[in-house]
Amino acid sequence: MTREQRLAKLRGIAARRILVIDGAMGTMIQRHHLDEAGYRGERFKDWPRDVKGNNDLLSLTRPDIIRDIHAQYLAAGADIIETNTFNSTSISLADYGMEALAYELNVAGAKLAREAADAAEAADPSRPRYVAGALGPTNRTASISPVVTDPGFRNVDFDELRGAYAEQTRGLIDGGADVLLVETVFDTLNAKAALFAVEEVLEERGLDLPVMISGTITDRSGRTLSGQTTEAFWNSLRHVRPFSIGLNCALGADLMRPYVQELARVADVPVSAYPNAGLPNEFGGYDETPAQMAQSLHSWAADGLVNIVGGCCGTTPDHIRAIAEAVKDVTPRVPPVPDRAMRLSGLEPFTMAAF
């Protein structure tokens, strides 16, 4: 099936049933207990900096591991798998001195996911499998100073982010991504740079690919790191007309529900949610079982809150299998038709209804 054929079916499938996105990549990589040499492989054996922890590099040095993780999530019931490219921007890769690898890593990450998805489609041609090109938030923030004594200082600007995201987007498209996913958004200005870059690249390529957006509410304050409430976050980005808007990471299902419910109330597009497997324990692990997560997400689905569900940190194919089973017979949320109004956003939303 070609990308065009898959995308022609996407909205129809999403209208009929709840789609399932995969779980955590990092959690699965950690199970392999790779050391520094395991990350380096032969190609980077003499690299002058430590690279352990650069999970995206494994798309080049251990593609077998990444491809197998994708395959496990597909076998568990995922309709959408994310590329192993969360940190594959020149900005994030600078920590390892690997900025020049950004485009190559995105192509490789998308190709590995597409290979696994193609194999799943070959086994069941009636069911398209989608590759979401993952564009992470980077390790910098355009809205907040990293220097406590200098609130006006920034270590990145909009144009730097825009350029890095454009390079990433080109690699993901060239590698075969079906969808572009701007995820784990903690700073809406970073996300705007990413989305601006995505639109520029799609225009230059003459393509019309679906764009998914997923923010992260960082704590119980109910705000992103840059201070926005859920509704203000949606107001800031709704002009992009994304395929979906949602939340992931930071919180477990029990704490995330009020914010997913708020998105479900205001967003006139599908809503996605892929929470962590609870909050981290004292050892940095995640304790929420597949059955517990499945029960929570079934409740969200039954209450008409979601269209796309999955898992983030701490989740595994077992979690995704249980979630897929829990929502398989539940009718997806029907997006509301909002009243005509002017909707603005700062840290809080502002709506002025038409008279």
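Q: Why is A232 called buried?
A: Buried means under 20% relative accessible area, exposed means over 50%, and partly exposed is in between (1.4 Å probe, protein chains only). A232 has a relative accessibility of 0%, so it counts as buried. A quick note on the model: it is predicted, local features need pLDDT of at least 70, side-chain atom pairs count only at pLDDT 80 or more, and totals for chains, interfaces and linings use all residues. Residues are numbered from 1 along each chain as its sequence is written, and side-chain values use heavy atoms, leaving out hydrogens and water.

Q: Which residues does A232 contact, leaving aside its neighbours within four places in sequence?
A: Contact means heavy atoms within 4.5 Å. By that test A232 meets S345, G346, L347, E348 and P349. A232 itself sits in helix α10; helices (H or I, at least four residues) and strands (E, at least two) are DSSP runs numbered from the N terminus. A232 and E348 are 116 residues apart in sequence, yet their C-alpha atoms are 5.3 Å apart in space.

Q: What makes β9 and β10 a pair?
A: Two strands pair if DSSP finds at least two bridges between them. Five bridges join β9 (residues 341–345) to β10 (residues 349–353), and the two run antiparallel. S345 stands opposite P349, and the strands form a hairpin with three residues between them.

Q: Which strands pair with β5, and in what sense?
A: Strand β4 (residues 179–185) joins β5 through four bridges in parallel, and V182 stands opposite I213 there. Strand β6 (residues 244–252) also pairs with β5 in the parallel sense over four bridges, with S214 opposite G246. From β5 the chain crosses through helix α10 (residues 230–237) to β6, and this β-α-β crossover is right-handed. That word applies if, with the strands pointing away from the viewer, the path from the first strand over the helix to the second runs clockwise. β4, helix α9 (residues 188–205) and β5 likewise make a right-handed β-α-β unit.

Q: What does the side chain of R129 reach instead?
A: It reaches the backbone oxygen of L74 at 3.0 Å, and one of its polar atoms lies 3.0 Å from the backbone oxygen of A78. R129 is in the loop between α7 (102–123) and β3 (130–135).

Q: What makes the phi of C249 and of H33 worth a look?
A: Most residues other than glycine have a negative phi. C249 has a positive phi near 65°, and H33 has a positive phi of about 50°.

Q: Are C249 and H33 buried or exposed?
A: C249, in strand β6, is buried at a relative accessible area of 17%. H33, in the loop between α2 (25–30) and α3 (36–40), is exposed at 69%.

Key: A polar contact is a pair of N or O atoms within 3.5 Å; within protein, one must be able to donate a hydrogen and the other to accept it, and residues adjacent in sequence count only if both atoms are side-chain atoms.
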